[in-house]
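The following exercises ask the reader to examine a structure step by step. Each task is followed by a worked solution.

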Amino acid sequence: MEDWEKKAAEILSSGRIIIVIGAVDTGKTTLVTYLANKAAEGGKVVGIVDADIGQSDIGPPTTIGLGMIKEPVEDLRKITPADLYFVGSLSPKGHLLPMVVGTRRMVEHAFQLGAQKVIIDTTGLISQDIGFSLKTHMIENIGASVIVSLQRGNEVEHILKVFE
């Protein structure tokens, strides 16, 4: 647990916009919740952008949700959405532009609402050209200052390599 706290402190001190990427079921949402709670415990107002449209926790499926917290939460599903962006699909395939635009709008709105940190949870789509395109365009468009990748092997390296 000490390692988690040390790493979380490092991540949170590295920038205002943090994006978490990884394949399906690698623990992205768990990590986003942990980071958001640590930031809130430190007195920060945190915007959480739930861009995992197929497994939404903030807002209904098919939408990118924005939640705001000032104190720790047990579960992202308990957060009342501050804003939603309708993508209209459970999968980003065929909806890359709405995914990128919607995520950026939610990040911008979080800052308008007073967020000091914004943490973004993403879909597990990382493979093939479509996953690469989605994640690289999303990272560039939102101006992420920190990219946190969760990997079982090296499945995210092709995306990270662009941002070395």
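**Exercise 1: A salt bridge within a helix**

Being four residues apart in helix H3 (residues 96-112), Arg 104 and Glu 108 are separated by about one helical turn. The model is a predicted one, in which local features need pLDDT of at least 70 and side-chain atom pairs count only at pLDDT 80 or more, while totals for chains, interfaces and linings use all residues. Residues are numbered from 1 along each chain as its sequence is written, and side-chain values use heavy atoms, with hydrogens and water left out.

Task: Determine how far apart N and O are in the salt bridge of Arg 104 and Glu 108.

Solution. 
- Step 1. The criterion for a salt bridge is a side-chain nitrogen of Lys or Arg within 4 Å of a carboxyl oxygen of Asp or Glu.
- Step 2. For Arg 104 and Glu 108 the N to O distance is 2.7 Å.
- Step 3. Helices (H or I, at least four residues) and strands (E, at least two) are DSSP runs numbered from the N terminus.
- Step 4. Arg 104 is partly exposed at 37% relative accessible area, and Glu 108 is partly exposed at 38%. Here buried means under 20% relative accessible area, exposed over 50%, and partly exposed in between (1.4 Å probe, protein chains only).

**Exercise 2: Other salt bridges**

Task: State how many salt bridges the rule gives, and identify which parts of the chain the pair Lys 38 and Glu 5 links.

Solution. 
- Step 1. The count comes to six salt bridges.
- Step 2. In one of them, Lys 38 pairs with Glu 5, and their closest N and O atoms are 3.9 Å apart. This pair links distant parts of the chain, with Lys 38 in helix H2 and Glu 5 in helix H1 (residues 2-12), 33 residues apart.
- Step 3. Lys 38 counts as partly exposed at 25% relative accessibility, and Glu 5 is partly exposed at 41%.
- Step 4. Arg 77 and Asp 75 also form a salt bridge, at 2.8 Å from N to O. Arg 77 counts as exposed, with 57% relative accessibility.

**Exercise 3: The largest pocket**

Task: Describe what lines the largest pocket and which residues lie nearest its centre.

Solution. 
- Step 1. On a 1 Å grid over the protein atoms alone, a pocket is an open set of points with protein on both sides within 12 Å along at least five of seven lines, a 1.4 Å probe fits at the points of a cavity but cannot get out, and lining residues have an atom within 4 Å of a point.
- Step 2. The volume is about 230 Å³, taken as the space filled by probe spheres set on the points, which are joined across faces, edges and corners.
- Step 3. The lining has 18 residues, of which Val 24, Lys 28, Asp 52, Gln 55 and Gly 124 lie nearest the centre.
- Step 4. Helix H2 (28-41) and strand S5 (117-122) each supply at least two lining residues.
- Step 5. By class, the lining has four nonpolar, nine polar and five charged residues. Ala, Val, Leu, Ile, Met, Phe, Trp, Tyr, Cys and Pro count as nonpolar, Asp, Glu, Lys and Arg as charged, and the others, Gly among them, as polar.

**Exercise 4: A loop residue**

Task: Locate Asp 57 and list what Asp 57 touches.

Solution. 
- Step 1. Asp 57 is in the loop between strand S2 (46-51) and strand S3 (63-69).
- Step 2. Asp 57 counts as buried at 16% relative accessibility.
- Step 3. Not counting residues up to four places away in sequence, Asp 57 touches Thr 29, Asp 50, Leu 76 and Arg 77, where contact means heavy atoms within 4.5 Å.
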